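Trainee: I'd like to learn how to read side-chain features in a model. Could you walk me through a few?

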Amino acid sequence: MVYVTPDTAASASPRHPRALWRPAAAGLAAALAGLGLAELAAAWLAPGASPVLTVGALVIDIVPPVVKDFVIGLFGTADKIVLIATIVLVLLLVAALAGILESRRPPFGRLLVVLIGAIALFAALSRSSASTLDAVPAVVAMGVAAIALTFLTTRLPTNAPAPAAQGRRRFLVYTGITAGVGLLALAGGQLSAAATRAADAARARFTLPAASVRQAAIPAGASLDVAGITPLITPNADFYRIDTALSVPRIDPSTWRLRITGLVENEVEIDFAELLALPLEESTTTLACVSNYVGGDLIGNATWLGYPIRELLARARPTSGADMVLSTSQDGFTAGTPIEALTDGRNAILAVGMNGEPLPLEHGYPVRMVVPGLYGYVSATKWVVELKLTRFDREQGYWTPRGWSELGPVKLSSRIDVPREGIAVPAGSVVIAGVAWSQHVGISAVAVQIDDGPWRDATLADAISVDTWRQWAYTWTDASAGDHTVKVRATDAAGLVQTSATADVAPNGATGLHEISMSVSG
Ligand SMILES: Nc1nc2c(c(=O)[nH]1)N[C@H]1C(S)=C(S)[C@@H](COP(=O)(O)O)O[C@H]1N2
Ligand SMILES: [Mo]
């Protein structure tokens with residue numbers, strides 16, 4: 001391998017200044033690779049953080065209105081395309097420049113790449129809705145382009161006559177491969193982004209059918225009037241999200257099918273239109289994650305619209321040996337649910353609606369499972385496409401061989417939401433409030449302990465049902481100045497008192513009492 005520095009190049013051929021096009025091509029290929037992989041990463045991981053589009057948005061933000069008006073006047077509705085084309089053009093010019101710089105004055109080409117990457121990073125993270133994942137595309141672009149640039153510019157052919165042809169050919173091949181990878185990734189990213197837009201559009205066009213069985217009206221007394229208390233129904237946008245999907249599956253509902261297979265007398269297949277035509281039922285159910293630590297927020301409560309799974313299982317007629325339904329997601333995730341939990345009369349449903357909307361894409365659109373009383377990892381398969389009747393001694397859901405129990409009933413628990421941990425409150429009367437849940441059993445009492453004082457009963461809000469969390473509140477009427485700890489403990493309707501013994505979230509859910517520290521100011 002011949003490494004070219006300005007000195008060796010000059011001595012190899014003092015009279016012929018090296019051609020500029022090769023380093024420029026190296027810069028272009030490196031930029032294509034960086035940009036292509038960044039767009040792919042954006043499409044998969046951070047829709048909305050495409051470097052070209054976020055830089056475009058930044059440009060729109062910073063150019064003076066006169067320029068904006070001028071451009072819009074000139075190009076009309078094509079202004080966005082002109083903007084994107086301009087950004088890409090400028091980028092390619094800078095890339096060519098970076099290639100030339102890197103070949104003559106390393107590492108200035110790389111520095112230029114890092115500078116452009118930093119602008120893209122700033123553009124991605126300065127948006128109001130930005131999350132840390134949005135940094136990924138810009139960082140990918142910067143890293144890939146810098147590495148590819150170094151790789152290619154150190155393989156520039158020399159002007160020495162003898163091995164030159166070979167070196168030139170090799171350089172061309174490397175540059176071609178780099179550019180090709182970039183173009184392929186770019187195409188892949190565009191296809192994937194188009195699929196997302198199509199799924200979004202299909203979801204937006206689709207209106208939920210009316211429920212045949214409405215959720216009984218939620219009692220007015222189910223929501224306590226306490227400032228800062230967790231809302232009784234979790235808005236979709238705030239609902240926790242847990243899944244193994246690197247990119248959210250985008251399912252075209254017109255191609256969606258659910259198959260019921262395995263130990264059944266009659267295999268059943270149902271499509272989306274058929275599912276929607278069935279009498280759908282509304283039910284409010286709390287969904288909790290087994291990874292929710294004591295006091296954590298991997299739990300939410302929604303009103304779901306769906307069809308009872310027991311009805312579909314009845315059509316399939318499971319054979320007597322079956323004791324598990326292994327549900328499979330379109331992305332390969334599986335959950336093993338006891339048949340009993342799906343057939344014992346609780347609201348175990350194939351859900352299509354969440355709080356009056358079609359399921360959001362990240363919560364399983366078009367169809368997911370919701371089973372009251374079981375942690376999500378053994379029951380709540382999103383993007384579900386198959387229910388296989390089988391046996392616990394034959395198959396395992398996704399998380400079981402990874403250190404989690406095969407059964408995952410939700411444990412009795414409670415949480416303090418008000419006041420927030422560590423918040424200073426004025427002395428006098430302090431309201432302490434939160435939620436408690438014991439799905440499928442119900443909550444009968446909640447008690448609060450301040451410091452080492454006696455346990456005192458909190459007031460319970462009305463219950464929606466045994467399958468949802470229940471709000472509670474306790475007013476500490478004579479809060480004295482100083483630092484205090486507050487603990488909460490729930491009792492379920494069967495008389496079980498929440499244990500103070502702590503257990504880790506693995507293998508089947510945390511236990512222990514939620515405790516907060518509170519400083520009361522004098
Ligand atoms: N397809 C699929 N479904 C899944 C999962 C997953 O990883 N993939 N995770 C499960 C887990 S662990 C939980 S807690 C719930 C979370 O559902 P949510 O993201 O709608 O809150 O989904 C369940 N369904
Ligand atoms: Mo979970």
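This is a predicted model: local features need pLDDT of at least 70, side-chain atom pairs count only at pLDDT 80 or more; totals for chains, interfaces and linings use all residues.

Trainee: Okay, so is Phe151 buried, partly exposed or exposed?

Mentor: Phe151 has a relative accessible area of 31%, so it is partly exposed. Tyr174 gets the label partly exposed too, because its value is 26%.

Trainee: And how do I read aromatic pairs? How many are there?

Mentor: The general idea is to look at the distance between ring centres and the angle between planes; planes over 60 degrees apart count as edge-to-face, and under 30 degrees as stacked. In this model the count is eight aromatic pairs. One of them joins Phe151 and Tyr174, edge-to-face, with 5.0 Å from centre to centre and 75° between the planes. That pair links distant parts of the chain, 23 residues apart: Phe151 sits in helix α7 (residues 135–153) and Tyr174 in helix α8 (residues 164–205).

Trainee: What kind of pair do Phe239 and Tyr240 make?

Mentor: Their planes are at 20° and their ring centres 5.5 Å apart, so Phe239 and Tyr240 are stacked. Both Phe239 and Tyr240 are buried. There's also an aromatic cluster, made of Phe206, Trp256 and Phe272.

Trainee: Which charged residue lies over the face of Tyr174?

Mentor: That's Arg155, at 5.9 Å from the ring centre of Tyr174. For another example, go to Tyr398: the charged end of Arg402 sits over its ring, 3.7 Å from the centre.

Trainee: Now a polar side chain. Where is Asn301, and what does its side chain touch?

Mentor: Asn301 is in strand β4 (residues 299–308), and it counts as buried because its relative accessibility is 0%. For polar contacts, look for N or O atoms within 3.5 Å. The side chain of Asn301 makes one with the side chain of Thr286 at 2.9 Å, and a polar atom of the Asn301 side chain lies 2.8 Å from the backbone oxygen of Leu232. Beyond its sequence neighbours within four places, Asn301 is in contact with residues including Phe239, Ile464 and Trp469.

Trainee: Last one: which residues come nearest to ligand 1?

Mentor: Of the 19 residues around ligand 1, the nearest are Tyr240, Thr244, His363, Arg368 and Lys382. An N or O atom in the Lys382 side chain is 2.5 Å from an oxygen atom of ligand 1, while a backbone N or O atom of Thr244 is 2.8 Å from an oxygen atom of the ligand. On its own, ligand 1 exposes 530 Å², and the protein buries 99% of that.

Notes. Residues are numbered from 1 along each chain as its sequence is written. Chains are lettered from A and ligands numbered from 1 in the order in which they are written. Side-chain values use heavy atoms; hydrogens and water are left out. Helices (H or I, at least four residues) and strands (E, at least two) are DSSP runs, numbered from the N terminus. Buried means under 20% relative accessible area, exposed over 50%, partly exposed in between (1.4 Å probe, protein chains only). A polar contact is a pair of N or O atoms within 3.5 Å; within protein, one must be able to donate a hydrogen and the other to accept it, and residues adjacent in sequence count only if both atoms are side-chain atoms. Contact means heavy atoms within 4.5 Å. Rings of Phe, Tyr and Trp (its six-membered ring) pair if their centres lie within 6.5 Å; planes under 30 degrees apart count as stacked, over 60 as edge-to-face and the rest as tilted. A charge sits over a ring if NZ of Lys or CZ of Arg is within 6 Å of the ring centre and within 35 degrees of the ring normal. A residue is near a molecule or strand if one of its heavy atoms lies within 4 Å of it. Accessible areas come from the Shrake-Rupley method with a 1.4 Å probe; for residues, only the protein chains shown count as cover.
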